Amino acid sequence: MTALAALPPRTDRLDAPRALALARDVLATEATAIVALSRRLADPFIAAVALILDCRGRVVVSGIGKSGHIAHKLAATLASTGTPAFFVHPAEASHGDLGMITADDVVLMLSNSGETDELVLLAPHIRRQGAKMIALTGNEQSSLAQAADVHLDAAVDAEACPLGLAPTASTTAALALGDALALALLDARGFSVEDFARSHPGGALGRRLLTRVRDVMVSGSALPVVGSSASLGEAVVVMSGKGMGMTVVCDAEGRVTGIFTDGDLRRCLTRAGDVTRTPVQDVMTRTPRTIGPDRLAIDCVELMETPPKVTQLLVVDDQRRLVGALHLHDLFRARVV
């Protein structure tokens, strides 16, 4: 623990009721700004959606300062919801990055004042490139608003900052309006849950919607398999060598006839006498739970959790031939669950 972390909080300087009252005012002010924004949505918003839907290139989002942070987030949201987009810093655009913008693109500029020098100076160069422009500002009479093909009004009556200085309600409004634009585009494109998952293969949703049973199952020589005529002793040797806590029992054509698990072995050991010579088919479970290789891996969880719960599943084809097997641990390793 650092010396700073060991210090007690300076509650003697904190007026708790005042802090809570201010926080509630901030939230109320920003909520009011968003409600007012929603009531003003009209034809320009539809024009912006149509302009981007017709875009043959990409959406280039730009802004500076706090608006730049919102622009970064908006570009990411657009890209992950079916509208190819990227962020360009307006200052860098004037020093070479303008070459990233083509005539097929739509440039979305964010500025509360609509008079940000870097963006205003960039506007004629974007026009020269042949790209379309959308301005998202808090001033419909501003230079950016007048230069744009479409202007989205994100004006707020007041900032939530008690000093009236820090961009707060204005950035919240710009963020919310950007989200509304991205999600209207998502809906217009028919963007699906599966499409979202393909854009997020590293995330939990992507893994759950994209990972198939065949991607996580054990197959080939790693499978613990014995024939229907094997003895219990032979099944135990195979089970111990493969480390899956079970042995699959198959007929001569490779069709699954049963499964012999650790649980089955424990039940056998309660019997008197030498049971190792007992045919495995006499003590196996004849109705093992199975799943197809093209099913989603997440579907395995429901099958395993259905009482009585199991920790292994056999993977079979349409003819009930064994193609693989998986253990609950395989799902954990694949981070499906």
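Reader: Why is Arg 214 called partly exposed?
Author: In this predicted model, Arg 214 has a relative accessibility of 43%. Buried means under 20% and exposed means over 50%. The value of 43% lies in between, so Arg 214 counts as partly exposed.

Reader: What makes the contact between Asp 294 and Arg 214 a salt bridge?
Author: Their side chains meet with 3.0 Å from N to O. The cut-off is 4 Å between a side-chain nitrogen of Lys or Arg and a carboxyl oxygen of Asp or Glu. The pair meets that condition, so it is a salt bridge. It is one of 12 salt bridges in the structure.

Reader: Why is the pair of Asp 294 and Arg 214 said to tie together parts that are apart in sequence?
Author: Asp 294 belongs to the loop between E9 and helix H15 (299-305), while Arg 214 belongs to helix H11 (residues 213-216). These parts are 80 residues apart in sequence, so the pair ties them together.

Reader: How do you know that Asp 264 forms a salt bridge with Arg 267?
Author: The closest N and O atoms of Asp 264 and Arg 267 are 2.8 Å apart. That is within 4 Å, so the pair qualifies. Both residues sit in helix H13 (residues 262-269), and because they are three residues apart there, about one helical turn separates them.

Reader: Which other residues of H13 are buried, and what covers the buried residues of H13?
Author: Besides Asp 264, the buried residues of H13 are Gly 263, Leu 265 and Cys 268. Their cover includes helix H12 (232-242), strand E8 (256-261) and helix H14 (280-283).

Reader: What makes Arg 295 and Asp 299 a salt bridge?
Author: Their closest N and O atoms are 3.3 Å apart, which is within 4 Å, so they form a salt bridge. Arg 295, at 39% relative accessibility, counts as partly exposed. Asp 299 counts as partly exposed too, at 25%.

Reader: Why does Ser 142 count as buried?
Author: Ser 142 has 0% relative accessibility. That is under 20%, so Ser 142 counts as buried. Ser 142 is found in the loop between E4 and helix H7 (143-147). Leaving aside residues up to four places away in sequence, Ser 142 touches Ser 113, Gly 114, Glu 115 and Thr 137.

Reader: How do you know that the side chain of Ser 142 has a polar atom in reach of Ala 145?
Author: A polar atom of the Ser 142 side chain lies 3.3 Å from the backbone nitrogen of Ala 145. The limit for a polar contact is 3.5 Å, so the distance falls within it.

Reader: Why are E9 and E11 called edge strands?
Author: The open sheet has three strands in the order E9-E10-E11, with mixed pairing. Strand E9 (290-291) and strand E11 (322-327) are its edges: each pairs on one side only.

Reader: How do you know that E9 and E10 pair?
Author: Pairing requires at least two bridges. E9 and strand E10 (residues 312-316) have two bridges, in the parallel sense, so they pair.

Reader: What makes the phi of Arg 320 worth a remark?
Author: Most residues other than glycine have a negative phi. Arg 320 is not a glycine, yet its phi is positive, about 65°. Arg 320 sits in the loop between E10 and E11, and at 30% relative accessibility it counts as partly exposed. Arg 335, also not a glycine, has a positive phi of about 60°.

Reader: What is the peptide bond from Pro 307 to Pro 308, cis or trans?
Author: That bond is cis, with omega near -10°. Pro 308 is in the loop between H15 and E10.

Terms used
Residues are numbered from 1 along each chain as its sequence is written. This is a predicted model: local features need pLDDT of at least 70, side-chain atom pairs count only at pLDDT 80 or more; totals for chains, interfaces and linings use all residues. Side-chain values use heavy atoms; hydrogens and water are left out. Helices (H or I, at least four residues) and strands (E, at least two) are DSSP runs, numbered from the N terminus. Buried means under 20% relative accessible area, exposed over 50%, partly exposed in between (1.4 Å probe, protein chains only). A polar contact is a pair of N or O atoms within 3.5 Å; within protein, one must be able to donate a hydrogen and the other to accept it, and residues adjacent in sequence count only if both atoms are side-chain atoms. Contact means heavy atoms within 4.5 Å.
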